[in-house]
Amino acid sequence: MLLCSLDAVEMRLKQLSNGLRNMYKATTLLGGTVHLIFGAWKMFRVMICSLYWRLNFGKCGKNLTIFPGTTIQFPKNFEVGDNFSVNQNCYLRSENPKAKFKAGNNVGIGMYVWLDYSGGIEIGDNVCISDHVHIHTHSHGYNPHNKPVYKKLKIGKDVWIGENAIILFQVSELGDGAVIGAGAVVTKDVAPYTVVAGNPARVIKHLVKND
């Protein structure tokens, strides 16, 4: 009788184990389905957002990607090349409705970037602007009510601007291949193939082309 009881318990445990296994499979399948649905919805939103900006930009190359949550002022003043991308929640703004924003091929802008192109901005090929970067091309001096002064910024090709870096109004050029360290506050021009970091930013290394 004891053996019968043990057999019954063992059978019950097997049934319970199989039930839990089937429940896990069903839950995994449901979770995977939900994940796919949300992933598809996210991709759809990016596609719609990118199409909207493509129709509103002055000139646009292939493979434009603009994530939802990004605000762009005066989009007709934008001329961008192939593979231009802007991640979510960026603010590309200008106090000057005639200012131009020009970017070459393979330019990527990270999340939460605040980019003022009031003085005009020109970006070369293969440039990476990391998350939370601030770029300024105009100034009101020491009085916010003063008439703004604009200054054009040229960013060369193969430039990498690290996360949380700030490019101030005094800067007119970041040379080809320059690297701006994370958190740097740049107050003057950066020579080609130079690494700068700190506040205020200073040269910490000179690069050899193609490093």
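Strands here are DSSP runs of E at least two residues long, and helices are runs of H or I of at least four, both numbered from the N terminus.

I'm working from a predicted model, where local features need pLDDT of at least 70, side-chain atom pairs count only at pLDDT 80 or more, and totals for chains, interfaces and linings use all residues. Numbering starts from 1 along each chain as its sequence is written, and side-chain values use heavy atoms, with hydrogens and water left out.

**Entry 1, Cys128.** I looked up Cys128 and found it in strand β11. Its relative accessible area is 35%, so I log Cys128 as partly exposed (buried is under 20%, exposed over 50%, partly exposed in between; 1.4 Å probe, protein chains only). Setting aside residues up to four places away in sequence, Cys128 touches Gly108, Val159, Trp160 and Ile161 (contact means heavy atoms within 4.5 Å).

Of its 211 residues, 34% are buried. The chain exposes about 12800 Å², with carbon and sulfur atoms supplying 61% of that (Shrake-Rupley method, 1.4 Å probe).

I traced an open sheet of six strands, paired in parallel, in the order β1-β4-β7-β10-β15-β18 (two strands pair if DSSP finds at least two bridges between them). β1 (59–60) and β18 (173–174) are at the edges with a single partner strand each, so one side of each has no neighbour in the sheet. Inside it, β4 (residues 78–80) and β7 (residues 101–103) run parallel, joined by three bridges. Phe78 sits opposite Phe101 in β7.

Which residues touch the most other members of the largest nonpolar core? Phe84 and Phe101 do, out of 41 residues (a core is a set of buried Ala, Val, Leu, Ile, Met, Phe, Trp, Tyr and Cys residues joined through side-chain atoms within 4.5 Å). Elements giving two or more residues to this core include α1 (2–56), β8 (107–109) and β11 (127–129). Beyond four places in sequence, I list contacts of Phe84 with, among them, Phe57, Leu64, Ile66, Phe101 and Val107.

I found an open sheet of six strands with parallel pairing, ordered β3-β6-β9-β12-β17-β20. Its edge strands, β3 (71–72) and β20 (185–186), each pair on one side only. Two bridges join β3 to β6 (residues 91–93), and Thr71 has Tyr91 as its bridge partner in β6.
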